[in-house]
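Here is a walk through a structure, taken one region at a time. Please keep the sequence and the 3D view at hand while reading.

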Amino acid sequence: MTDAKYFTTTKKGEIFELKSELNSDKKEKKREAVKKVIASMTVGKDVSALFPDVVNCMQTDNLELKKLVYLYLMNYAKSQPDMAIMAVNTFVKDCEDPNPLIRALAVRTMGCIRVDKITEYLCEPLRKCLKDEDPYVRKTAAVCVAKLYDINAQLVEDQGFLEQLKDLLSDSNPMVVANAVAALSEINDSSPSGVPLVEMNAPTINKLLTALNECTEWGQIFILDSLSNYNPKDEREAQSICERITPRLAHANAAVVLSAVKVLMKYMEMINDTEFVTVLTRKLAPPLVTLLSSEPEVQYVALRNINLIVQKRPDILKHEMKVFFVKYNDPIYVKLEKLDIMIRLASQANIAQVLSELKEYATEVDVDFVRKAVRAIGRCAIKVEQSAERCVATLLDLIQTKVNYVVQEAIVVIKDIFRKYPNKYESIISTLCENLDTLDEPEARASMIWIIGEYAERIDNADELLESFLEGFADENSQVQLQLLTAIVKLFLKRPADTQELVQQVLSLATQDSDNPDLRDRGYIYWRLLSTDPAAAKEVVLAEKPLISEETDLLEPTLLDELICHIASLASVYHKPPSAFVEGRAGLRKALPARGEGGVASSSVETTSAHPSVIPSHDTLIGDLLSMDLNPVVQTAAQPASGFGGGHVDLLGGGLDALLDVGGGGGMSQAAPPPGGGGLLGDIFGLGGGDQSGATVMPKVLWLPAVKGKGLEISGTFSRRNGQIYMDMTFTNRAMQTMSGFAVQFNKNSFGLLPAQPLQVPAPLTPNQSCEASLPLNTTGPVQKMDPLNNLQVAVKNNVDVLYYACLVPMHVYFVEDGQMDKRVFLQTWKDIPTQNEVQYTLTNMSHSSDSVVQKMQQNNVFTIAKRNVEGQDMLYQSLKLTNGVWVLVEIKIPPGGSVYTLSIKSVTVDVAAGVYQAYENILRS
Amino acid sequence: MIGGLFIYNHKGEVLISRVYRDDIGRNAVDAFRVNVIHARQQVRSPVTNIARTSFFHVKRANIWVAAVTKQNVNAAMVFEFLLKIIDCMQSYFGKISEENVKNNFVLIYELLDEILDFGYPQNTDSGVLKTFITQQGVKSQTKEEQAQITSQVTGQIGWRREGIKYRRNELFLDVLEFCNLLMSPQGQVLSAHVAGKVVMKSFLSGMPECKFGINDKIVMDSKAGKGLNTDEQVRTSGKPVVVIDDCQFHQCVKLSKFETEHSISFIPPDGEFELMKYRTTKDISLPFRVIPLVREVGRTRMEVKVVLKSNFKPSLLGQKIECKIPTPLNTSGVQLICMKGKAKYKASENAIVWKIKRMAGMKETQLSAEIELLETDTKKKWTRPPISLNFEVPFAPSGFKVRYLKVFESKLNYSDHEVIKWVRYIGRSGLYETRC
């Protein structure tokens with residue numbers, strides 16, 4: 001007879017029978033009975049009633065029997081806590097057993113019994129076992145600390161087990177080290193405050209790296225995973241750890257390889273040595289490719305991770321396209337993931353091969369796979385311009401197959417192709433229209449309707465086609481309804497003569513019969529636009545659409561960075577942060593270390609932290625920007641075709657026509673260059689002009705950190721050159737996708753500062769590229785007093801989003817060139833201004849002579865009217881005029897050889913004094 | 001970490017259920033059965049998330065092995081571990097089947113208790129496990145024996161025990177390569193790679209240090225000195241080299257030494273083990289070439305001609321050649337003529353199976369088939385699966401060569417040249433497919 005028989009006992013009175021067998025004197029019978037009990041437990045029968053009888057069998061010298069009884073105990077102790085106490089004695093005794101296997105077994109099992117009373121008894125044996133002479137017992141005890149922490153964290157801390165565990169990190173046995181690391185990592189992760197209870201330091205890390213070479217594959221994983229939580233203190237340390245980890249890439253265990261990749265990917269962020277990074281990335285590709293020849297389940301995990309790695313560092317696998325070709329027998333989950341990566345790796349160099357593969361896939365059986373393949377063909381067209389024509393031809397072939405889901409999928413991607421290459425492939429519209437009846441999925445219907453509306457002037461029967469959709473308006477998906485509404489309005493604007501009835505019909509359907517607020521709102525806005533100003537409606541609805549970006553489905557950069565820190569783990573498989581699927585525990589979000597030296601990083605942090613108080617909340621800003629939009633005084637909007645005008649329309653349009661904006665919201669990628677040379681030219685003049693070179697320009701400060709700017713980083717400053725104020729900015733793209741369609745707007749501000757030209761940013765801005773832009777400004781805009789006075793709120797828009805930030809305009813850029821007052825007028829004015837309008841400041845640590853002060857200030861349009869010497873002190877009298885016509889009079893006392901100047905500022909509007917003082921400070925210190 | 005481990009039969013009945021963590025309840029067992037095993041749709045992913053609980057599964061034959069967790073575990077590790085458990089069970093009791101699992105459930109529980117502690121994998125080497133998980137009940141072990149076991153389970157050389165003695169020191173090396181190919185109908189190589197492994201079977205006394213040398217390009221380059229490119233080297237030394245894209249080693253190989261000195265040194269486990277795995281993509285000599293010609297004659301007839309060419313030294317013999325030519329689902333009859341071997345239409349597999357026992361190098365043979373089709377009105381096109389080929393050849397298609405394997409055992413008095421060594425090369429087909 002074999003053990004399988006235990007699974008089939010279903011007699012009545014079974015429990016009773018087992019009870020008597022358990023109490024039998026014969027050892028053999030006892031053993032059989034316990035086996036039966038375990039088998040019943042496995043299939044889900046409740047055998048807890050046998051608890052005392054089973055526990056009685058615990059006192060045995062038969063190890064196999066003992067293990068079975070322990071198994072039973074672990075399952076039922078919680079439901080029978082009082083009786084579980086009966087077992088304690090045996091455990092405590094076993095922990096003293098001469099056989100290390102039994103000592104370990106006892107301490108291992110005891111930790112799994114979650115009964116408070118037993119836990120109390122566990123502490124002493126555990127303490128001994130942590131110091132046991134046998135490594136097997138120590139490695140088991142190390143894990144037991146984690147078990148105990150899970151039951152009673154306070155107890156572990158009180159009893160000093162954490163210190164003991166930490167000591168085990170220096171154990172001579174590598175497996176003990178590995179288990180201690182695993183236990184510590186878990187305890188750190190679950191610490192309620194999110195602050196690690198035991199910090200890793202350089203010596204500990206060194207020990208771990210030594211143990212790494214010697215322990216089992218699983219131990220290597222524990223160590224590597226815990227290394228990925230460590231932040232090296234400098235670049236050198238990161239490099240040396242990387243060097244010691246790279247050999248792990250040749251390990252046969254995929255998890256060791258992936259964990260090593262995780263550590264390398266994270267530390268690489270810290271390393272500026274480009275050669276080192278290049279060598280490292282070259283070493284990463286082969287092991288990643290090798291993972292694809294493992295078992296399909298491991299392949300799946302590897303592919304999900306490769307998807308992340310390719311997004312973060314596209315170079316690593318750019319030559320390895322072929323290994324991602326789908327095999328006929330791959331499981332479907334592997335096929336779908338491979339396809340995803342193929343699209344990401346597609347480039348001009350390999351597009352021909354990729355396309356012919358995709359064409360093969362589009363004839364396969366699995367519906368999801370085929371759909372994805374069709375979609376991929378469209379993505380290739382968008383990504384690689386040279387292949388667009390072939391892709392479109394392939395898609396047309398596929399449409400001819402008349403396979404329903406293939407046709408629908410093809411139409412969805414063709415819509416995107418139209419967006420990317422306007423006025424190129426519209427000849428195929430008639431073929432698309434033939435398939436109108438077969439479309440039953442909302443996305444395909446919406447896409448088709450969009451195409452009809454967009455090209456209404458070329459489709460003779462567009463009105464009939466749209467009308468046919470309108471019949472079942474109420475039953476359509478809201479996506480289709482919105483699209484239909486927009487399409488019909490477009491049609492009306494293009495062919496107003498014969499479509500009035502249609503548009504009325506759809507507007508009334510949308511506004512009166514629908515209870516979908518989005519649809520109703522859009523309907524009302526169209527309606528009002530059409531009834532008040534059809535020309536404006538045309539500009540809004542038929543506005544030139546922003547181009548869609550090449551890459552789609554990219555993860556958000558911050559999420560991507562977080563996931564890179566979780567390579568190999570479940571988070572990287574789900575492509576979701578752990579908080580999305582792990583319950584309870586707060587845990588710290590992981591982030592990649594900041595690149596570059598500490599000094600630079602911290603200084604930029606300081607500058608940003610000085611500002612946040614002046615950044616207004618988003619909604620007030622948006623409100624202001626919108627009201628400014630509607631203000632007809634805005635001069636720069638005179639040319640609607642220019643980028644700035646486009647920006648206006650889009651700010652509105654973005655809200656109105658979300659569908660049009662899918663995939664990108666930039667408004668001005670095709671803006672014509674402004675007449676008379678751009679800001680860049682001005683920049684060159686400004687730099688070259690000799691007399692102006694002395695004008696003070698503050699160093700650029702970080703205005704918009706990439707974290708807040710969805711990957712866009714802006715730093716900048718203001719300057720005054722040739723009587724014109726410039727905003728000099730550096731745009732840096734820290735995101736993974738290219739950015740384009742930049743536009744800028746200012747909120748109302750104290751000096752009516754306004755862009756004089758549209759923003760000129762050479763688009764597209766590719767990832768990690770920076771570019772300079774110099775924006776000429778004038779001061780004719782609407783005025784609103786800000787606090788502080790020189791605060792400026794700016795909105796910058798690109799294809800990603802509208803971004804807001806605030807910055808301080810240094811006052812001296814407002815000092816105009818004709819700020820020299822006549823001597824007598826100066827005297828008179830000085831007297832006329834009441835003394836309460838005089839403000840005194842001191843400038844400390846100055847080392848200028850009065851002459852150099854005169855000269856420096858002159859270069860910034862502060863003019864010295866008179867100079868006196870009173871009791872050895874130099875007194876300077878200076879005047880300046882602000883762009884808004886406010887005069888400011890200044891008296892400076894310069895003691896001989898002294899470093900403290902006294903500044904008295906007088907002005908009718910005393911509010912400016914603080915700013916003027918700041919300007920003096922800036923100029924004289926520059 | 002892993003919260004629990006379940007084994008089910010194909011019906012979804014639990015055969016083994018072991019819970020390691022408190023956050024996994026009994027209902028998890030049922031959740032997996034209902035949502036995955038009994039799911040109406042085909043499984044779309046080996047990882048399933050049900051109510052914030054993640055299930056990893058591997059299916060072998062009719063047996064499902066599933067790991068459960070509520071934490072953000074290392075997913076690669078979980079799968080590697082599940083595969084290791086299956087390996088381990090196989091080495092204890094052979095094939096994984098419902099029968100075998102039920103018969104050995106006590107053993108499996110004992111194993112699971114040993115190799116997974118609180119969800120953390122421990123030593124899973126079946127060779128070592130077999131020294132103390134024996135199913136023999138109590139074994140009166142001496143203190144020395146016990147100490148030896150524990151030092152082995154936790155030791156630096158966890159894969160070999162001390163005190164092994166053989167009268168004849170002997171070792172066998174098998175270089176086993178799987179040649180993978182995807183070829184277009186026009187004969188263009190779409191992708192080709194060789195996945196190779198070196199399997200070693202050693203019967204050596206003591207704790208021998210082994211050094212293994214191969215004709216890897218990097219090693220040969222560093223030996224020959226720099227400045228020579230591969231072609232020159234081939235000319236000068238007369239020995240071809242192999243460009244290995246990537247290789248992986250058994251845990252006994254000292255990886256840091258390989259990284260720095262490119263030398264493969266190790267103390268081998270006793271008996272059989274996989275020393276290294278490697279992958280090459282350059283200069284693969286493809287042993288066979290399949291040239292398909294498919295012609296659809298009207299709606300009810302198809303003509304297929306397949307030419308098979310062998311492409312290696314005429315003195316060598318290819319064996320176990322089997323060519324599988326897929327046929328449409330509506331095939332009603334097939335007439336076959338082949339010059340060599342036997343060909344048969346197998347309706348159950350929807351394919352013509354053409355078997356050739358032996359074929360020498362540089363030969364050519366062919367098969368022609370006329371396929372009659374039933375008239376159908378299904379719109380679905382036949383997707384023409386690729387023609388696949390299986391074979392075995394007595395050489396390594398990648399050009400991989402063993403240069404030496406030296407054995408050093410300082411404590412015992414036998415020297416390298418007293419060890420009897422055997423090397424064998426086998427090239428097999430992996431996925432060897434030609435589209436038609």
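B:Phe56 has a relative accessible area of 0% and is therefore buried. The coordinates come from a predicted model. B:Phe79 is likewise buried, because its relative accessible area is 0%.

A pair of aromatic rings is described by the distance of the centres and the angle of the planes. For B:Phe56 and B:Phe79 the ring centres are 5.4 Å apart and the planes stand at 75°, so the arrangement is edge-to-face; the cut-off for that class is an angle over 60 degrees. B:Phe56 sits in strand β4 (residues 53–60) of chain B, while B:Phe79 sits in helix α2 (residues 75–93) of chain B, so the pair ties together parts that are 23 residues apart in sequence.

Chain B also holds a cluster, in which ring pairs link B:Phe6, B:Tyr8, B:Phe32, B:Phe55 and B:Trp64. Charged side chains over ring faces come next. B:Arg21 is placed over the face of B:Phe118, at 3.6 Å from the ring centre. B:Lys401 is placed over the face of B:Tyr425, where the value is 5.6 Å from the ring centre.

We now turn to chain A. It contains 39 helices and 13 strands, and 59% of its 926 residues count as buried. Of the contacts in chain A between residues at least 6 apart in sequence, 67% join residues at least 24 apart. The accessible surface of chain A is about 37900 Å², and carbon and sulfur atoms account for 51% of that surface.

Among the helices of chain A is α15 (residues 235–245). Its buried residues are A:Glu235, A:Glu237, A:Ala238, A:Gln239, A:Ile241, A:Cys242 and A:Ile245. What do the buried residues of α15(A) pack against? Their partners are α13 (202–212), α14 (217–227), α16 (254–268) and α17 (274–290) of chain A.

The strands of chain A follow. Strands of a sheet pair through backbone hydrogen bonds, either parallel or antiparallel. Strand β2 (residues 712–721) of chain A pairs with β3(A) in the antiparallel sense over 10 bridges, and A:Thr717 has A:Asp728 in β3(A) as its bridge partner. The two strands form a hairpin with 2 residues between them. In the turn, A:Asn722 has a positive phi of about 50°.

β3(A) also pairs with strand β6 (residues 770–778) of chain A, again in the antiparallel sense, over 8 bridges. Here A:Met727 has A:Leu775 in β6(A) as its bridge partner.

Strand β7 (residues 791–797) of chain A and β8(A) run antiparallel and are joined by 7 bridges. Within that pairing, A:Leu792 has A:Cys807 in β8(A) as its bridge partner.

Technical notes
Residues numbered from 1 in each chain as written. Chains lettered and ligands numbered in written order. Predicted model: local features only at pLDDT ≥ 70, side-chain atom pairs only at ≥ 80, totals over all residues. Heavy atoms only, no water. Helix = DSSP H or I, 4+ residues; strand = E, 2+ residues; numbered from the N terminus. Buried < 20%, exposed > 50% of the residue type's maximum accessible area, 1.4 Å probe, protein only. Contact = heavy atoms within 4.5 Å. Areas by Shrake-Rupley, 256 points an atom, 1.4 Å probe, with all protein chains shown as cover. Phe/Tyr/Trp six-rings, centres within 6.5 Å; stacked < 30°, edge-to-face > 60°. Lys NZ or Arg CZ within 6 Å of the ring centre and 35° of its normal. Pairing = 2+ DSSP bridges.
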